[in-house]
Every structure is written in C-alpha cells, then in structure tokens.
Amino acid sequence: MKAPLTPKAEQTRQRIIAQAAELFNVKGFAGTSYQDLMEATGVTKGCLYGHFSSKEELAVEAFEYAAQVLIDKVGEAMAPFEHAGQRLRALLQFYHTYLTKPVLAGGCPVLNTIVEADDNQPALHARVLVVLNRLHKGIYKLLELGKEQGHFKASANANEMATFFVATVEGAILLGKAYNDSKPLQTVLLQLERWLQQELGDF
C-alpha cells in the first residue's frame, strides 16, 4: 500500500496529469514518448515513474482529467437553465463551437482516445467506455427531465434518443476533424436539432 502523498507531491502529480492530458490528446498514446512527457511536464523520468508505474497508468489518469474537463464544460453550458428545452439548446450550441473552441488542445479527448485505445490498452479502453456511458446518461436524464416538466413528448424514448445523440455528435466531430472544417459538424447539428424537434416537440 502506497504512503499518502505530501501536498507538494500531490500538486506535482496533478500538474503532470494536466500537462500529459494535452500531450496525449495531441500526439496520441503511441505517439507520446517518455522524452515528450519529460519535456512537457518538466520532471525527470524517475519522477514520472515515482508517480505512475507505467505510461498506460499515466494515460488513464490523463484521459480521466481530460474527460472531466469536457464534462465540466458541458455542465457549465447548461447550468444557467432549468427548462429542459433550454438546456438542450445550450448543449447543441456548445457542440456548434466544439471544433473552433476545443475544450482541450488536440480536440475531443473521447474521440481521440477511443480511436486509439483498442485491445492493446484495455484499461484506457475501459475508461473511455465509462465516459461514453456518462455522456449517454447525461442526455438520457435531460430528456427524462423534459418529459417530467411536460416540455417533451411523453412518448419519446429517452434511452434510444440518447444513444442516437451521442453517436451523431461524435460522428460529426470525427468528420469535422477529418476535413479540418467545422461545416460537417454544423450541418449534422442542424439536422439533429430538426430530428429532436420532431421526436420531442418544439423546445
């Protein structure tokens, strides 16, 4: 069992995680070397090993940090609103600027990591699935809230719609990144909003 970290050591650990998160998000897990990590964080290889037993362990921590940044930004975008329809509009607006104002250097950490995290990195792959489930649950709860408030159609299948929402948005982000152009994302989001209006009613 590891001894508790001193405040200074914990501060160093958190700084390494934050800086490694951007590096992994830009260069990918395979493309990031220990030399890259040492240069980005300003610590020695011994210090890295002192805090993390492997590059994968650091990558998992860094991904969780990046995912939390994304989830916090989504929460901030919707927080000013209580009306579920307004919250849904705020969420769509958040993704309209997702490529031009990325939450983290390198773009979407979920998309970037799921593409690379295959069976060779099971711990990282598992964490990506946890975050995707959290995103799905957030959409599901928002749609159920709208039904409870009487703003969305009671017949709407929140579970299936949440799956479609996450898949559509992540796919659109992928297209935008591939073409280095936000237009595909804008097009898909407009179509998604029309579909949501059909399924939920005006919001």
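**From one loop outwards**

Tutor: Let's start at N180, which is found in the loop between α8 and α9. Helix and strand names follow DSSP runs numbered from the N terminus, with at least four residues (H or I) for a helix and at least two (E) for a strand. Before going on, keep in mind that this is a predicted model, where local features need pLDDT of at least 70 and side-chain atom pairs count only at pLDDT 80 or more, while totals for chains, interfaces and linings use all residues. Residues are numbered from 1 along each chain as its sequence is written, and side-chain values use heavy atoms, leaving out hydrogens and water.

Back to N180: its phi is near 50 degrees, a positive value in a residue other than glycine. N180 is exposed because its relative accessible area is 73%; the cut-offs are over 50% for exposed, under 20% for buried, and partly exposed in between, with a 1.4 Å probe and protein chains only.

Now for the rings. Call two rings of Phe, Tyr or Trp (its six-membered ring) a pair if their centres lie within 6.5 Å; planes under 30 degrees apart are stacked, over 60 edge-to-face, and the rest tilted. By that rule there are seven aromatic pairs. One of them is F24 with F29: the centres are 6.1 Å apart and the planes sit at 20 degrees, so this pair is stacked. Both of those residues are buried. Another is F164 with W195, whose ring centres are 4.5 Å apart with planes at 45 degrees, so that pair is tilted. Elsewhere, F94, Y95 and Y98 form one aromatic cluster.

F29 has something else going on: K55 lies over its face, 4.5 Å from the ring centre. For a charge to count as over a ring, NZ of Lys or CZ of Arg must be within 6 Å of the ring centre and within 35 degrees of the ring normal.

Skipping neighbours within four places in sequence, T32 is in contact (heavy atoms within 4.5 Å) with L23, F24, K27, L37 and K55. T32 is buried, with a relative accessible area of 1%. Its side chain reaches the backbone oxygen of G28 at 2.6 Å.

Over in helix α1 sits N25, which counts as buried at 7% relative accessibility. Not counting residues up to four places away, N25 touches L104, A105, G106, G107, C108, P109 and N112. Two of those names, P109 and N112, come up again in α6, where P109, V110, L111, N112 and T113 are buried. The buried residues of α6 pack against α1, α4, α7 and α8.

What about C108? C108 is buried, with a relative accessible area of 4%, while C47 counts as partly exposed at 23%. The structure holds zero disulfides, a disulfide being two cysteine sulfur atoms within 2.5 Å.

Next, the inside. A nonpolar core is a set of buried Ala, Val, Leu, Ile, Met, Phe, Trp, Tyr and Cys residues joined through side-chain atoms within 4.5 Å. The largest one has 62 residues, and L88, Y95 and F165 touch the most other members. Among the elements giving two or more residues to it are α8 and α9, the helices we began with. The largest share, twelve residues, comes from α4. L88 touches L142, L143, F152, F165, L196, L200 and F203, leaving out residues up to four places away.

The protein chain has nine helices and zero strands, and 43% of its 203 residues count as buried. Among contacts between residues at least 6 apart in sequence, 67% join residues at least 24 apart.

Definitions and conventions. Polar contact = N/O pair within 3.5 Å; in protein donor to acceptor, adjacent residues only side chain to side chain.
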